[in-house]
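Here's a quick tour of a few spots in this model. Have the sequence and the 3D view open as you read.

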Amino acid sequence: MAHAYKTRFGALDDYDKGRVEPVDDDVRHYAFSNCFEIANNSQPYEKVVFGQNQEYVLEVVRAEGDSPWYTCAHDEFALSMDGEAEIHFIDLDASQRVQDKEKEGAILVSAEPKGPVMGWVKIGRGHQAMLPAGAAYQFRAQSPAVIIMQTCKGELSIERWADICQSA
Amino acid sequence: MTNSHGYQDFTLGGFGFTRDEYFCHITWQTHDGRPMSHTMDAGNYLRALMRDVAWGFFYGWVNFDDVIGTVNHYATVDLFAGAYNGAMKTAGIDRLENFPTDDIRQVFEAMLADWTNADFDPFAAPQETGSPYGPKNGDNMPAITRARELARRCVGLEGDLALRTDESGAPVNRAFADVPQDKPEIHAEPGYENQVHAFNLFAFLSRSQVTWNPSFTSVVKNSFMCPTTEEHILPIIHGNDRVEWFFQMCDEIHWDCAHKDTGEPLARVIMKAGDMAAMPAYCRHQGYSPKRSMLLVWENGSPTLVDDIKSGAAPEVPVEF
């Protein structure tokens, strides 16, 4: 009989965090954190950077309720690590789009978004959605969800490394 | 030349390579002309060689073990023995030679093709492949010439990397039989079908047929999501030339981290579902995955980063705090 494996995912209310065990190094150099712990200590829709490599970042977002409307000059991606969220899209009017095509990271849409409705997706654990460049998007989550954003560091990105990373 | 076990012998610069039924042997001359040799288990050697070939020598150092490996300079490649082993370097018995990438690639590809027997798949987990041992017994070209799966924008978009299915020869792996195969709801208005898009990344990964071999699933400029499924031991000890980030998406991996130049131990990193960790650019690392797990390797493929590394401008640590 085949062995029945149990795949262990984490959740906002059920996770087991690992650790750095130093031998001869500074543990801060490993920037060790956990997305569920970060989400548990975040306000809804704070974009908390937990990975960065030059201009690129991975952010943890606690999705809860309706988010503001965002837009971005480049593609972004949203991966659910726990919970469900809808993401609604509008083909944003040119006047509301990011004017600087090189601008990095998401920004808030300055007023109610105008433009044709593109549609929406509903993602659950393990699902990844594309947030296409130039579109406006809004998250809607009835219960808290943990979203990982693949994007660039922008004006809404929050860095609090000393709070989220193992330091000793 | 074919030896008594049926395998070809190879040479590259001052290095010699032979295999027998159980082992691969590497020989070279030291700086003062003494003969030196090193022996690796044939399975371990072929698993490491497979990654080095498949990844185009990857970023930085691909250590096959504590003695031999390669360093990618992105037009040329160093092949070394003992050059990044503290004791061997101090003893002066190391060797390092630089080769044009095409030259070393051709020799490594030929070696991999000849030394991999019909029953052995160096990409597979040890429980999912036959034995690497014994005299020469055919080959396994389909297994060792798999194309890397690289999305240009996102998996599942029209014209981009396709989703994995039973029909495409990608059944759910035995260790991920409990991973839900559901799909996200997609409600695209007419004309927006290729922009309103989502897919089940975990289901995609549950159908991976290889271990320790990242694919690209989503791309933001030069930021590449490179998730992979891991089981048993990372067949190489990777010494990156840049900071590398790991995000553990399920189950766990234990990492040994050591100094890149000497192999002196630095830390252990125990990663469980939801954990994020960076590997500083001064370390080499090797992972152990007790159960098949999903790891997101997050890479920065910016072409300017190579110049930053050469000039010393690239940071060795992920963040300062």
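## Lys291(B)

Lys291(B) sits in strand S18 (residues 283-300) of chain B; strands here are DSSP runs of E, at least two residues, and helices are runs of H or I, at least four, numbered from the N terminus. This is a predicted model, where local features need pLDDT of at least 70, side-chain atom pairs count only at pLDDT 80 or more, and totals for chains, interfaces and linings use all residues. Residues are numbered from 1 along each chain as its sequence is written, while chains are lettered from A and ligands numbered from 1 in the order in which they are written.

Lys291(B) counts as partly exposed because it has 17 C-beta neighbours inside 10 Å (20 or more other C-beta atoms within 10 Å would be buried, 12 or fewer exposed, with C-beta atoms placed from the backbone). Leaving out residues up to four places away in sequence, Lys291(B) touches Tyr5(A), Ala175(B) and Asp251(B); contact means C-beta atoms, placed from the backbone, within 7 Å. Thr229(B) is 62 residues away along the chain, with 9.9 Å between the two C-alpha atoms.

## Where the chains meet

Chain A puts 61 residues into the contact and chain B 58 residues. On the chain A side, the largest share, seven residues, comes from strand S9 (residues 117-123). That side divides into 31 nonpolar, 18 polar and 12 charged residues (Ala, Val, Leu, Ile, Met, Phe, Trp, Tyr, Cys and Pro are nonpolar, Asp, Glu, Lys and Arg charged, the others, Gly among them, polar).

Pairing takes at least two DSSP bridges. Asn34(A) stands opposite Asp275(B).

## Strand S3 of chain A

Seven of the seven residues of S3(A) (residues 47-53) are buried, so the strand is largely enclosed by the rest of the structure. S3(A) pairs with S4(A) (residues 56-66) in the antiparallel sense over six bridges, with Val49(A) opposite Glu59(A). Two residues lie between the strands of this hairpin, and Gln54(A) takes a positive phi near 55 degrees.

S3(A) also pairs in the parallel sense with S12(A) (residues 157-158), over two bridges; there, Val48(A) has Ile158(A) as its bridge partner.

## A sheet in chain B

Four strands of chain B form an open sheet in the order S1-S2-S3-S4, with antiparallel pairing. Its edge strands are S1 (10-12) and S4 (35-41), each pairing on one side only.

Methods
Contact = placed C-beta atoms within 7 Å.
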